[in-house]
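This report walks through one protein structure for a reader who has not seen it before. It starts with a term that is needed later and then goes from the whole chain to single residues.

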Amino acid sequence: MPTPEFNKSSTWRSFSSVKSINVSSAIDSKTVQSAEEAIEGAIAVEEVDVNLYRSLRLWIPAGARGVFGGQVIAQATLSAAKTVPENLKLHSLHSYFINAGDPNLPILYQVERIRDGRSYATRTVQAKQRDRIIFTITCSFHSGDQDQMYFQHPSIPNISTLPRPETLKPEEEKFEEWIKFVSEMVKNKKEKGENTTKEDRLLDLLEVKLEECVLGPVEIRDLGKLEGWEGNMSTGPEGRDKWRRMYWIRSRAPVKNDDATRKSLLAYASDLHLMGTISRALGVSFRTSKPRLTMMVSLDHSMWFHDNDSMDPREWMLYVMEASWADKGRGLAQGQIYDQKGRLLITVAQEGMIRVDSPKKPDSKL
């Protein structure tokens, strides 16, 4: 199957099997009428046969080469959860991205029942398009032993000292400010008769990113730079890029009150911005000159779910992301998701391929 072409705009694709949502083929602000629709469309799958499910909508972000990885994780996880008893809750997942997903075709999720025990169940899911595997995941479910000892590493952010999400700007408001700034820049340049091709392209991208924020199922508030907090340690050029990033996250609307749906949505959210911590630590982006980021894609993604009772996606959660290592064209990022009281809910780890254009070595004359 040919690799999907590089995507210049944000695109949603829905398929004829959607029953509960009235949508057209391309999802935009005219067809997504509510946050509830955005959430349902992002993670929903339908049963095709025993142990076989398929996607209802797929999203390819602006600038991406394939379907958003977090969405594939969420849909595969939900497919696996549909095959286990309700008393067993997802406690871990380990996945690999193999090929880019094509948003123009539904993804088929084939579930294999590996183990069915009294306390644990294991499922492996293969995601396929055109009979080719694009993604694989193993999910483990546990009934949860009661009255057991508890421990949590104490070196977490002191959440009580952090700005509350209500005091921070929504991500979409920041994009609106950038759009206004770049628009003014374009206006001034045109008045001077200067070329604005670069700014016009940036403006187009910002407008697409704004729509992605508005239509996305997850609301994000970036804590940005916090003066005097140790998380501001920098390793990038001139201290511009941080190795640690923190966000408040929550769903844009109430989520179905079942464990599988809640955790599937949080799996979707866990992939947002995580790889970006690595490029920031290296001090590179797709817009820098030299060295310039040329490719950044996820290779694998793992999650451990620690607490079932406090895991409500509608409530604000703190997502702390850290770039741990980068070398040889790969990078490792880790994350922890806490509730507002500082209880650790989820641990995340992701390795990705990250490439920059390297200076060419002069040809040897020997």
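## A term and the model

On a 1 Å grid over the protein atoms alone, a pocket is an open set of points with protein on both sides within 12 Å along at least five of seven lines, and its lining residues have an atom within 4 Å of a point. The structure shown is a predicted model.

## The chain as a whole

The protein chain contains 6 helices and 14 strands. It has 366 residues, and 51% of them are buried. Among contacts between residues at least 6 apart in sequence, 71% join residues at least 24 apart.

## The second largest pocket

Which residues lie nearest the centre of the second largest pocket? They are Gly144, Asp145, His306, Asp307 and Asn308, out of 25 residues that line this pocket. The volume of the pocket is about 780 Å³.

By type, the lining divides into 8 nonpolar, 10 polar and 7 charged residues. Strands β5 (89-97) and β11 (293-305) each supply at least two residues of the lining. The most comes from β5, with 4 residues.

## Nonpolar cores

The largest nonpolar core has 64 residues, and the members that touch the most others are Tyr109, Phe135, Phe141, Ile249 and Ile346. Helix α2 (residues 69-81) provides the largest share of this core, with 7 residues. Another core lies apart from it and has 11 residues, including Ile159, Leu168, Trp248 and Trp316.

Phe141 can be looked at in more detail. Leaving out residues up to four places away in sequence, Phe141 touches Ala80, Ala81, Val84, Leu88, Lys89, Leu90, His91, Ser119, Tyr120, Ala121 and Arg123.

Ser264 sits in helix α5 (residues 259-270). Is Ser264 buried or exposed? Ser264 counts as buried because its relative accessibility is 0%, and the cut-off for buried is under 20%. A polar atom of the Ser264 side chain lies 2.8 Å from the backbone oxygen of Ala260. Beyond the residues up to four places away in sequence, Ser264 touches Ile43, Ala74, Thr77 and Leu78.

Gln129 belongs to strand β7 (residues 120-129). With a relative accessibility of 1%, Gln129 is also counted as buried. Which backbone oxygen does the side chain of Gln129 reach at 2.8 Å? That oxygen belongs to Asp102. The backbone oxygen of Leu105 lies 2.9 Å from a polar atom of the Gln129 side chain.

Met275 lies in the loop between α5 and α6 (276-282). The relative accessible area of Met275 is 7%, so this residue is buried. Met275 and Gln350 are 75 residues apart along the chain, yet their C-alpha atoms are separated by 7.6 Å. Neighbours within four places aside, Met275 is in contact with Met296, Val297, Ser298, Gln350, Glu351, Gly352 and Met353.

Arg314 is in the loop between β11 and β12. Its relative accessibility is 29%, so Arg314 counts as partly exposed. Residues up to four places away not counted, Arg314 touches Arg250, Ser251, Arg252, Ala253 and Pro254. For one of these, Ser251, the backbone oxygen lies 2.6 Å from a polar atom of the Arg314 side chain.

## Two residues with positive phi

Most residues other than glycine have a negative phi. Asn51 has a positive phi, near 65°, and is located in the loop between β2 (45-49) and β3 (52-55). At a relative accessibility of 17%, Asn51 counts as buried.

Lys328 has a positive phi as well, near 55°. Where is Lys328 found? Lys328 is in the loop between β12 (317-327) and β13 (330-338). Lys328 counts as exposed because its relative accessibility is 67%, and exposed means over 50%.

Notes: Residues numbered from 1 in each chain as written. Predicted model: local features only at pLDDT ≥ 70, side-chain atom pairs only at ≥ 80, totals over all residues. Heavy atoms only, no water. Core = buried A, V, L, I, M, F, W, Y, C linked by side-chain atoms within 4.5 Å. Buried < 20%, exposed > 50% of the residue type's maximum accessible area, 1.4 Å probe, protein only. Contact = heavy atoms within 4.5 Å. Polar contact = N/O pair within 3.5 Å; in protein donor to acceptor, adjacent residues only side chain to side chain. 1 Å grid on protein atoms, 1.4 Å probe; cavity = no way out; pocket = protein on both sides within 12 Å on 5 of 7 lines; lining within 4 Å. Points joined across faces, edges and corners; volume = space filled by probe spheres on them. Nonpolar A, V, L, I, M, F, W, Y, C, P; charged D, E, K, R; others polar.
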